[in-house]
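I opened a notebook page for this structure and wrote down what I looked up, entry by entry.

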Amino acid sequence: MSDVLDQTRPGAGVRPQRQTEGAPPARPLPLTGVRVLDVSQVMAGPYSCMLLGDLGADVIKIEPPGTGDQTRGAMGFKMKGPDSMGFLNMNRNKRSVAINLKSEAGREVFYKLVETADILVENYRPGVMKKLKCDYETLSKINPRLVYASISGFGQTGPWAGRPGFDLMAQAMSGVMSVTGHPGGPPVKAGVPVADIGCGLFATYAVLGAYIGAKNTGEGQYVDASLFEAALAFSVWDISEYWGRGTQPIPLGTANRMSAPYQAMKSKDGHFVMGATNQKLWTQLCEVLARPELLEDPRFKTNPDRLAHREELVAELEKSFVTRTSDEWVEHLLAVGIPAGTMYSYPEAFESEHGQHRHMRMEIDHPIEGKVSNIGFAVKLNGTPQQVRLHPPLLGEHTADVLGEIGLDAGALDAFTARGAFAP
């Protein structure tokens, strides 16, 4: 039998729900009993499936034997084991099954898993799953209630459908990069993968909606999600300006195209951000700065005036802001109700008093890494808090256990192994 079939028992690293003595039993997580097949790699698909796993779904990660998810070997620096920190942060609460979908035997095993699944998420280039005979048309005949989501760069149809799907290309071709950076500067992408993560979030909402529909009707459906459309969906203010005024949006640095002042400001020791987004706050700001003349300046009387003279406005405000440190200004402005904030690095944000209070960095037990840091749950459920039930899986860690659950005993696994179902 292949080594990949002899791995750690299922549930290793599970943290059971805590229950106070005498208290009623804890409520099950919302997606308890829902089975998800994660046939995706890298970011958007794995991220979506991790969210489903955090909510209690039984997420089975289907990976190519030998290599697994490409992200396992990404990032350019080594951990104790073979998996990257990026992989470890997008694949908790999953079980890994290594199957060669290019082999007939591998597909036979996969089809048996499909019979038990509620949701499938894949992110191969359009047409690949059809060649593998793992497309929605094929699998819906096996399981009519299956919700099948395809994540790609540009969708399953259209002139760009066959192009590779990467966050950078989606940001460029959706217009996101056209409004990122500073006027007249070189192209700048958003510092975080907005197309990838955005697509993962949109895919999650779509599959959950489709799953609810399938429970009501018994019929699943196909979900077509793309990084391009996810990035476009974030363009609310920018495209509204174009559609409303006919003016093409341009990069504004940290500023906002709907109100001013609302951006980073230079202080005595660096920069901070603030926003006087309405007339009341603007008046308060002028009072705090002891600059009553700004209220009477015709360039700054109304928000449209301030938007039209943004550069002059910032220059005037920074004459005052450079007299104190960023922390002093943030404290002073917040005290009178004007929104303001310190500009933190990621380490500073995670380690801040508030970041710690909100549990945005958590430690997960891992069989090779020991304690491994993970980003905390971005939304908190009060009645059924999300849990880390499973560590990010080793490649093929749960192959034997998962397949045993669907009735494949040791003899059957040996037979499939001999036929190449689990080999690269």
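**Entry 1: Asn 374 and its surroundings.** I began with the side chain of Asn 374, which makes a polar contact with the side chain of Arg 92 at 3.0 Å; a polar contact here is a pair of N or O atoms within 3.5 Å, where within protein one must be able to donate a hydrogen and the other to accept it, and residues adjacent in sequence count only if both atoms are side-chain atoms. Before going on I noted that this is a predicted model, in which local features need pLDDT of at least 70 and side-chain atom pairs count only at pLDDT 80 or more, while totals for chains, interfaces and linings use all residues. I also noted that residues are numbered from 1 along each chain as its sequence is written, and that side-chain values use heavy atoms, with hydrogens and water left out.

Is Asn 374 buried or exposed? With a relative accessible area of 2%, Asn 374 is buried (buried means under 20%, exposed over 50%, partly exposed in between, with a 1.4 Å probe and protein chains only). Leaving aside neighbours within four places in sequence, I found Asn 374 in contact (heavy atoms within 4.5 Å) with residues including Leu 88, Asn 89, Met 360 and Ile 364.

**Entry 2: the strand pair.** Asn 374 lies in strand β11; strands (E, at least two residues) and helices (H or I, at least four) are DSSP runs numbered from the N terminus. I then saw that β11 (residues 370–375) runs antiparallel to β10 (residues 361–366) and is joined to β10 by 6 bridges, where strands pair if DSSP finds at least two bridges between them. The two form a hairpin, with 3 residues between β10 and β11. Which residue of β11 is the bridge partner of Glu 363? I found that the partner is Ser 373.

**Entry 3: salt bridges.** Glu 363 also forms a salt bridge with Arg 361, their closest N and O atoms being 3.3 Å apart; the term means a side-chain nitrogen of Lys or Arg within 4 Å of a carboxyl oxygen of Asp or Glu. Glu 363 is partly exposed at 31% relative accessibility, and Arg 361 is partly exposed at 48%. Elsewhere, salt bridges that share partners join Arg 35, Asp 58, Arg 95 and Glu 405 into one network. My search of the whole structure gave 23 salt bridges.

I looked at two others. Arg 291 and Glu 293 form one with closest N and O atoms 2.5 Å apart; Arg 291 is buried at 11%, whereas Glu 293 is partly exposed at 41%. Glu 296 and Lys 301 meet in another, at 3.6 Å from N to O, with Glu 296 exposed at 56% and Lys 301 partly exposed at 39%.

**Entry 4: Gln 279.** Gln 279 belongs to helix α10 (residues 279–288) and is partly exposed at 37%.

**Entry 5: helix α6.** Which residues of α6 (residues 167–174) are buried? I listed Asp 167, Ala 170, Gln 171 and Ser 174. Seen down the axis of α6, these fall within an arc of 100°, so they line one face of the helix; the arc is that of the directions from the helix axis to the C-beta atoms. Their cover includes α7 (194–217) and α8 (227–233).
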